[in-house]
Number of protein chains: 2
Amino acid sequence: MTTRQPRLEIEYCTQCRWLMRAGWTAQELLTTFSTELGEVALIPGTGGVFDVRVEGEIVWSRKEQDGFPDLAVLKQLVRDRIAPDRDLGHVDRRLSR
Amino acid sequence: MTTRQPRLEIEYCTQCRWLMRAGWTAQELLTTFSTELGEVALIPGTGGVFDVRVEGEIVWSRKEQDGFPDLAVLKQLVRDRIAPDRDLGHVDRRLSR
């Protein structure tokens, strides 16, 4: 199956009912990186998983980081992987204070 | 890049601002087929595209079908591909009237 690069994956726990959270995260990332992302895949999982991967590499794992990502932080992490020269505007300014 | 099977793709036109429509469709399908779908990929496209593919095969194309899918119809089309024995309840009853 052909995928579009760069591919971002969001694997979420269906038992925890995190589909809406995953869907919202996907839409936020696709709004910000509309020309830089090849695709965002929503992947149903189990056992409390909420993992975000770019090209197969973890950029956020709820279990490792002990919580959900702040969206501004997540956008910076994704930006660093797929568009390192991109200025995220107020996101960057807020987090550098 | 490893994908999860069955893979459903929604390619949408960013210029037409159909991300919300695509995101809503993805979430509806993942709600209905939470254990039958391996992943749903949202793919930014251009030029008025709104295509839904399962395992690479078109199940709905806005340009071919001259419009957007009714969600109940789309669920039946997806069901026929990935879970043909699955009864969709009121969706099947409404459309067989």
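Which residues in α1(B) meet α3(B), and which residues in α3(B) do they meet? Keep in mind that this is a predicted model. From α1(B), the residues are W24(B), T25(B), E28(B), L29(B) and T32(B). From α3(B), they are L71(B), L74(B), K75(B) and V78(B). By class, that contact has five nonpolar, two polar and two charged residues.

Now the geometry. In chain B, α1 covers residues 19–32 and α3 covers residues 71–82. Their axes come within 11 Å and cross at roughly 55°. The two helices α1(B) and α3(B) are therefore oblique to each other. Their crossing is right-handed.

Next, across the chains. The axes of α1(A) and α1(B) come within 10 Å, crossing at roughly 155°. That angle is over 145, so α1(A) is roughly antiparallel to α1(B). This crossing is right-handed. On the chain A side, the contact residues are L19(A), M20(A), G23(A), Q27(A), L30(A) and T31(A). They meet L19(B), M20(B), G23(B), Q27(B), L30(B) and T31(B). Classes here: six nonpolar, six polar and no charged residues.

Last stop, the largest pocket. What is its volume? About 190 Å³. The lining divides into five nonpolar, four polar and one charged.

Methods: Residues numbered from 1 in each chain as written. Chains lettered and ligands numbered in written order. Predicted model: local features only at pLDDT ≥ 70, side-chain atom pairs only at ≥ 80, totals over all residues. Heavy atoms only, no water. Axes fitted to C-alpha atoms, helices over the stretch in contact; angles between N-to-C directions. Helix = DSSP H or I, 4+ residues; strand = E, 2+ residues; numbered from the N terminus. Parallel < 35°, antiparallel > 145°, perpendicular 65-115°, else oblique. Left-handed = near helix turned anticlockwise from the far one by under 90°. Contact = heavy atoms within 4.5 Å. Nonpolar A, V, L, I, M, F, W, Y, C, P; charged D, E, K, R; others polar. 1 Å grid on protein atoms, 1.4 Å probe; cavity = no way out; pocket = protein on both sides within 12 Å on 5 of 7 lines; lining within 4 Å. Points joined across faces, edges and corners; volume = space filled by probe spheres on them.
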